[in-house]
Amino acid sequence: MKILIVDDESLTREGLIASVDWAALGIDEIYQADDGLSGLETARENKPDIILCDVRMPRMNGIEMLEQIEGFDPDVTAIFMSGYSDKEYLKAAIQLKAINYIEKPIELGEMQQTLQRAVEQCARQRLLGNKGVTLESEQGAQLAYRFTMPFAAHRDAIEGLLRNFSAVSAKNKFKYITTYIVKLQAIPEDPQILRQIKEALQGYLIPMHLNVIYTEKRVYHIIFHIYGELETTAGTREMIASQIAKLFHGCGAFYISIGDTVSGYQEAYHSYESAVIYLQDSFFFEPCKVLSASVIDGCRDVDQTLLQQKITEAKTMVRESGEEATMQVLDEIAQLLRGRRGMLQNQIKGLYYELFLCLYDARLNRQMVPDMAIENRENIMDIMDQCFSFYQLHQMLVEKTHRYYADIKENSSENPTVAIIREFIAGNYADAALSVKDISDYANLSVSYVCTLFKNETGTTINQYITDFRMRKAKQLLADPRNRVGEVSACVGYNDGNYFAKSFRKFTGLSPSEFREQVVRA
């Protein structure tokens with residue numbers, strides 16, 4: 001396989017080429033380009049299977065480059081590299097495209113895994129047929145694939161396929177076309193299942209004097225173009241969608257969108273395009289939902305101002321309030337989002353990331369045992385990526401929130417004075433001047449009493465507890481490559497960077513830099 005790496009930073013390109021085990025991935029040709037225009041020309045000349053590119057580049061950004069490349073190589077697999085702030089920028093490219101992105105600074109393990117998934121996707125396409133025809137090599141599948149592209153740009157190819165597709169009357173048979181898209185959470189392991197579904201659907205359509213051609217696009221999307229000489233009614237289209245849903249029962253979670261019915265094969269792309277648009281809001285509906293113009297038009301837009309207020313309120317509740325109040329706000333957030341439209345799923349995942357992170361930080365500040373599923377920021381992102389629908393995402397947040405409050409109750413038998421001391425340290429650990437005297441004054445007790453009580457209740461001294469707390473917080477900050485070591489030192493209450501490094505080594509057995517390298521390698 002061939003890969004093209006496009007990034008205006010030569011160190012990034014050279015570092016990837018030197019660090020990734022390309023042979024193990026089955027990639028034996030690597031091309032480079034230093035901006036979008038150069039990447040476009042390199043892709044045109046060499047036809048790479050995979051493109052790994054930065055988002056922000058001189059002359060032409062990565063999204064514009066990919067859009068042009070897909071004009072002559074529509075089935076190329078793309079992976080974007082981006083800074084956290086670029087995620088909003090990626091929305092322009094996320095429609096029906098299985099675009100992956102990797103956050104900079106790049107974590108090598110994540111890069112290797114993402115590349116492996118891209119290779120598997122390309123290999124699957126090769127096994128199932130020619131590039132761009134991923135289910136079968138017959139002309140019906142080729143035509144179905146071409147119908148997902150604008151007619152004006154592909155007129156000759158489409159009309160050539162129609163001439164050879166069936167009898168002379170083929171064009172008349174395509175008098176009315178409706179596109180149905182099935183978005184799957186997971187592709188069935190046996191590719192024959194999809195062929196069997198198509199054959200069963202064809203049998204269902206024959207009494208209605210309808211036919212179907214189908215193809216697969218971006219691996220997880222199955223496209224059916226149902227056509228005939230007579231226009232179908234809205235009721236018939238709903239019945240067909242219900243039949244498709246029955247046929248995919250047992251294939252895991254999915255969504256179905258119904259495109260607008262169009263007249264003439266020249267308009268087939270517009271039916272497909274409308275189905276794509278309706279599918280964009282699928283995240284906010286329960287899995288197995290059928291989406292159409294009537295369903296989407298009946299939805300209200302998300303009140304984004306109110307949503308942001310509720311997200312902020314929920315984060316405050318986690319830090320300061322009880323379970324009942326917090327769950328009430330989470331329920332209000334869910335009510336604002338269920339069955340709505342006007343926001344992309346990446347926007348919602350970004351907001352929910354803030355809530356998961358709030359639970360993570362709250363556990364850290366209370367010195368609670370970590371929830372192993374969200375023990376670091378990377379795990380949180382992985383968990384959210386696995387959520388196929390908003391319902392799954394919200395349910396996961398609800399479960400983690402219940403677990404958080406249950407763990408608080410388990411720890412509630414702690415001496416109240418010790419709890420006060422812990423909370424004061426959690427709020428002031430970044431102050432380099434923090435002392436036992438400050439703590440005793442806050443607790444309105446003598447220094448000797450506070451020290452004795454804390455040692456008897458916890459088995460450790462207050463000073464050691466402060467150091468341990470700071471070191472755990474430092475590990476959390478160092479795990480994020482965007483935080484410089486010198487900044488971490490100051491953030492956890494150390495004015496002297498050398499002293500911080502010595503303390504960190506004593507606590508972990510590694511220097512801050514060695515710890516970061518170990519995390520990156522993992």
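How many aromatic pairs does a search of the whole structure find? The search of this predicted model finds 20 aromatic pairs.

**View 1. Phe248 and Phe254 form a tilted aromatic pair.** The ring centres of Phe248 and Phe254 lie 6.2 Å apart. Their planes meet at 50 degrees, so the pair counts as tilted. Both Phe248 and Phe254 are buried.

**View 2. Phe454 and Tyr465 pair edge-to-face.** The distance is 5.4 Å centre to centre, with 70 degrees between the planes. Phe454 belongs to helix 20 (residues 447-458) and Tyr465 to helix 21 (residues 462-478), so the pair ties together parts 11 residues apart in sequence. Phe454 is buried, at a relative accessible area of 0%. Tyr465 also counts as buried, at 5% relative accessibility.

**View 3. Five residues make up one aromatic cluster: Tyr494, Tyr499, Phe500, Phe504 and Phe515.**

**View 4. Helix 14 packs against helix 17.** Helix 14 spans residues 323-337 and helix 17 spans residues 390-410. Their axes are 11 Å apart, at an angle of about 175 degrees. That makes helix 14 roughly antiparallel to helix 17. Helix 14 contributes Glu323, Thr326, Met327, Leu330, Ala334 and Leu337 to the contact. Residues from helix 17 include Phe390, His394, Leu397 and Tyr405. By class, the contact has eight nonpolar, four polar and two charged residues.

View 5. The mean pLDDT of the protein chain is 84, and 87% of its residues reach 70 or more.

Definitions and conventions:
Residues numbered from 1 in each chain as written. Predicted model: local features only at pLDDT ≥ 70, side-chain atom pairs only at ≥ 80, totals over all residues. Heavy atoms only, no water. Axes fitted to C-alpha atoms, helices over the stretch in contact; angles between N-to-C directions. Helix = DSSP H or I, 4+ residues; strand = E, 2+ residues; numbered from the N terminus. Parallel < 35°, antiparallel > 145°, perpendicular 65-115°, else oblique. Contact = heavy atoms within 4.5 Å. Nonpolar A, V, L, I, M, F, W, Y, C, P; charged D, E, K, R; others polar. pLDDT = per-residue confidence, 0-100. Phe/Tyr/Trp six-rings, centres within 6.5 Å; stacked < 30°, edge-to-face > 60°. Buried < 20%, exposed > 50% of the residue type's maximum accessible area, 1.4 Å probe, protein only.
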